[in-house]
Amino acid sequence: MDPEKELQRISDQHNGEFTVDDFTVYGDEYAKIHIVKYYLNLIYNDAAIRIIYDYGNYIIATYTINIQNIKNAPEFNFSTIDHFTKLILFKSQHWKIRCKATHLKEKIEILFRKHQLDQLMQRTAFEPTIKGMQMPDSYKIHTIFSLNFEENTKSIPVIVAFHQELIDVLKEKYFWNLV
């Protein structure tokens, strides 16, 4: 599956803005490094979603989401247990969530399983780090993960859907209206 076609499809489906930066840089000893960065901007439920798939030096994806008018939402940190530790400790759960609000922690776990991201983690090297942070007048979600796993393109729609439902959960509980 081609990441450009998949991101363009999602952009078309959600009336987003999709752009591509395709360029070559010179590395050590004049080695050419081909870099392709895909940028997708979406608006979902009045939240701005910025998605970057970077196939260059880093080979990572980042999702940055800003949700306006969210007040007093708890911060959370979703991290994965690396593949090596999983093998040594025989951990059945491949992630941990730190969040003071039990309600939000449980909702994140439910969404992660609903979109089968837990299964994606079990069968591939998908290891996301997701942070939710309260800003002065908004709430920011920042997700980053390596694209060095099979199904990285095939998983784009479910990762987008996970984030969209996470926006819904936060807006349902912590949205405040200025009117």
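So, helix 1, residues 3-13, packs with helix 5, residues 156-174, at an angle of about 40 degrees, and their axes are 10 Å apart. That angle makes helix 1 oblique to helix 5. Keep in mind this is a predicted model. As for handedness, helix 1 passes helix 5 in a right-handed crossing.

Who's making the contact? From helix 1 you've got Glu6, Leu7, Arg9 and Ile10, and from helix 5 there's Ile156, Pro157 and Val160. Sort those residues by type and you get 5 nonpolar, no polar and 2 charged.

The structure holds 5 salt bridges, and I'll walk through a few.

Glutamate 6 and arginine 9 pair up through their side chains at 2.6 Å, N to O. They sit 3 residues apart in helix 1, so about one helical turn separates them. Glutamate 6 is buried, at 7% relative accessible area, while arginine 9 is partly exposed, at 39%.

Next, aspartate 54 and lysine 37 form a salt bridge at 3.8 Å, N to O. Here distant parts of the chain get linked: aspartate 54 is in strand 3, lysine 37 in strand 2, 17 residues apart. Aspartate 54 is buried, with 7% relative accessible area, and lysine 37 is partly exposed, with 24%.

Last one: arginine 123 meets glutamate 151 at 2.9 Å, N to O, again a salt bridge. Arginine 123 lies in helix 4 and glutamate 151 in the loop between strand 8 and helix 5, so the pair ties together parts 28 residues apart in sequence. Glutamate 151 is partly exposed, at 26% relative accessible area.

Definitions and conventions
Residues numbered from 1 in each chain as written. Predicted model: local features only at pLDDT ≥ 70, side-chain atom pairs only at ≥ 80, totals over all residues. Heavy atoms only, no water. Axes fitted to C-alpha atoms, helices over the stretch in contact; angles between N-to-C directions. Helix = DSSP H or I, 4+ residues; strand = E, 2+ residues; numbered from the N terminus. Parallel < 35°, antiparallel > 145°, perpendicular 65-115°, else oblique. Left-handed = near helix turned anticlockwise from the far one by under 90°. Contact = heavy atoms within 4.5 Å. Nonpolar A, V, L, I, M, F, W, Y, C, P; charged D, E, K, R; others polar. Salt bridge = Lys/Arg side-chain N within 4 Å of Asp/Glu carboxyl O. Buried < 20%, exposed > 50% of the residue type's maximum accessible area, 1.4 Å probe, protein only.
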